[in-house]
Amino acid sequence: MPGIGRAGASELRPLRAPRPTWTAAVVALALAAALVGCDSGTKELASAELVTAGLTPAEQEQGAHMRITDIEVTGPAAAQHPGTPNRIGSDRIRVRAYEPVLEPGGKPWATLVWAHGGSFLRGTLDWPEADWVSRQFADAGIQVYSVDYILASDTVQAPAPSNDVAAVLSWAAERAEPEALLAIGGASAGAHLATLAALDRADRAAAGDGRVADALILEYPTMHRVQLPDPAIAAATAGLPEQRRFSDDRIAEMYAFYLGAGPEGGAGLQAGDAPVAGELPAERLAALPPTTIVNADADDLRASGEQFAEQLRAAGVPVTASIQPGTVHGYLNRPEETATSLVDAEETIDRFVIALRQIAAG
């Protein structure tokens with residue numbers, strides 16, 4: 001939302017419940033108990049296997065605002081051999097579910113499938129960009145499914161990661177409350193995968209398979225193999241340490257690895273074979289739902305996020321794009337690095353929650 005900055009933070013905070021007083025240690029203990037065969041605190045889902053955690057009533061009384069459960073969802077490579085390189089995806093996909101604890105009879109007003117970033121080749125469900133972010137959305141009354149998608153490697157290449165995210169989105173779409181908003185989102189490379197998953201869901205819904213996603217939320221996304229030059233962004237990022245910069249060469253190498261061009265060279269897959277979201281034509285992007293983009297301020301990849309917003313507008317997709325002032329790429333993965341970084345991260349979640357509520361309200 002343009003114009004929402006730190007000065008407006010106090011107005012945004014009440015959208016989320018107070019932060020939980022319990023910690024990840026509670027979940028870790030529940031997981032450990034489940035793994036050694038303890039039934040107390042576990043929860044069965046008919047559609048999933050290996051459900052391994054939950055919160056007891058006593059834990060809820062101590063101030064917990066959500067139940068966190070690890071699930072395995074059937075992946076796109078189930079019952080088949082994907083070969084090498086694997087361009088299909090996982091046989092089973094690990095998903096961490098964050099279920100808000102509501103008043104008796106209450107239901108989440110939205111379901112969100114979330115994909116962490118990591119340049120397509122790094123990241124875990126324990127990263128703050130996955131876990132901390134999911135907790136904040138759950139505090140806002142949203143059912144969240146954080147996806148541990150297969151990572152690109154020498155033996156895993158596109159579109160396997162996006163296929164995993166798409167499979168979880170389809171799984172979640174079947175289980176979401178009909179009246180609840182269905183959203184898909186992600187950060188950095190995860191934002192790219194979320195976009196492709198939203199397009200997959202649109203295709204399947206058009207063929208009669210379930211519902212479309214109602215909203216797409218993208219945090220400091222990377223959407224292009226080649227970015228448009230922007231002198232203002234280049235000046236803003238010039239003084240950053242190298243590990244927080246995205247040079248043209250670094251971006252090219254990231255996509256080459258994801259698409260399948262190895263270190264020895266080789267063309268890998270072309271965009272038409274494994275789509276690069278920012279290279280898709282307007283008529284294809286037109287299938288995307290209303291989209292909200294939040295870019296980091298001093299971030300080379302901001303050029304990609306801003307360009308993609310313009311592409312969506314040209315395709316007729318409702319889009320809201322803003323910049324979180326004073327931030328650099330990956331700040332959601334460092335929410336408690338400083339007091340300021342926590343404010344930035346919380347404000348960003350609030351931006352997304354406001355946008356989702358507006359979309360839900362029609």
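This is a predicted model: local features need pLDDT of at least 70, side-chain atom pairs count only at pLDDT 80 or more; totals for chains, interfaces and linings use all residues.

**Across the sheet**

Start by selecting Arg96, and you will find Ser146 of strand 4 standing opposite it.

Residues are numbered from 1 along each chain as its sequence is written, and side-chain values use heavy atoms, with hydrogens and water left out.

Now select strand 2 (residues 92-100) together with strand 4 (residues 142-148). They pair in the antiparallel sense over five bridges; two strands count as paired if DSSP finds at least two bridges between them. Strands of a sheet pair through backbone hydrogen bonds, either parallel or antiparallel.

Strand 3 and strand 4 run parallel, joined by six bridges.

**Inside strand 3**

Keep strand 3 (110-115) selected. Six of its six residues are buried, so to speak of this strand is to speak of a mostly covered one. Buried means under 20% relative accessible area, exposed means over 50%, and partly exposed lies in between (1.4 Å probe, protein chains only). Color Ala110, Leu112 and Trp114 on one side, then Thr111, Val113 and Ala115 on the other: both faces are covered.

Next, pick Ile142 in strand 4. Is Ile142 buried or exposed? Its relative accessible area is 0%, so Ile142 is buried. Pro108 is 34 residues away along the chain, yet the two C-alpha atoms are separated by 5.2 Å. Not counting residues up to four places away in sequence, Ile142 touches several others, including Tyr98, Trp109, Phe137 and Leu356. Contact here means heavy atoms within 4.5 Å.

Eight of them form an open sheet in the order 1-2-4-3-5-6-7-8, with mixed pairing. At the edges are strand 1 (66-74) and strand 8 (319-328), each of which pairs on one side only. From one strand to the next, the twist averages 20°. Axes are lines fitted to C-alpha atoms, for helices over the stretch in contact, and angles run from 0 to 180 degrees between N-to-C directions.

Within strand 7 (residues 291-298), select Thr291. Thr291 is buried, with a relative accessible area of 2%. A polar atom of its side chain lies 2.8 Å from the backbone oxygen of Pro289. Leaving aside neighbours within four places in sequence, the contacts of Thr291 include Leu216, Leu312 and Val319.

**Helix 4 and its partner**

Select helix 4 (residues 131-139) and helix 11 (residues 339-361): they pack at an angle of about 50°, with their axes 10 Å apart. The contact is made by Trp132, Val133, Gln136 and Phe137 of helix 4, and by residues of helix 11 including Leu342, Ile349 and Phe352.

How buried is helix 4? Nine of its nine residues are buried, so helix 4 is largely enclosed by the rest of the structure. Just after helix 4, look for Gly141, which takes a positive phi of about 90°.

**A last stop in a loop**

Select Thr124, in the loop between strand 3 and helix 4. Thr124 counts as partly exposed, at 34% relative accessibility. A polar atom of its side chain lies 3.1 Å from the backbone nitrogen of Asp126. Beyond its neighbours within four places in sequence, Thr124 is in contact with His116, Ala130 and Asp148.

Finally, show the whole chain. Its secondary structure comes to 11 helices and eight strands, and buried residues make up 52% of the 362 residues.

Definitions and conventions: Helices (H or I, at least four residues) and strands (E, at least two) are DSSP runs, numbered from the N terminus. A polar contact is a pair of N or O atoms within 3.5 Å; within protein, one must be able to donate a hydrogen and the other to accept it, and residues adjacent in sequence count only if both atoms are side-chain atoms.
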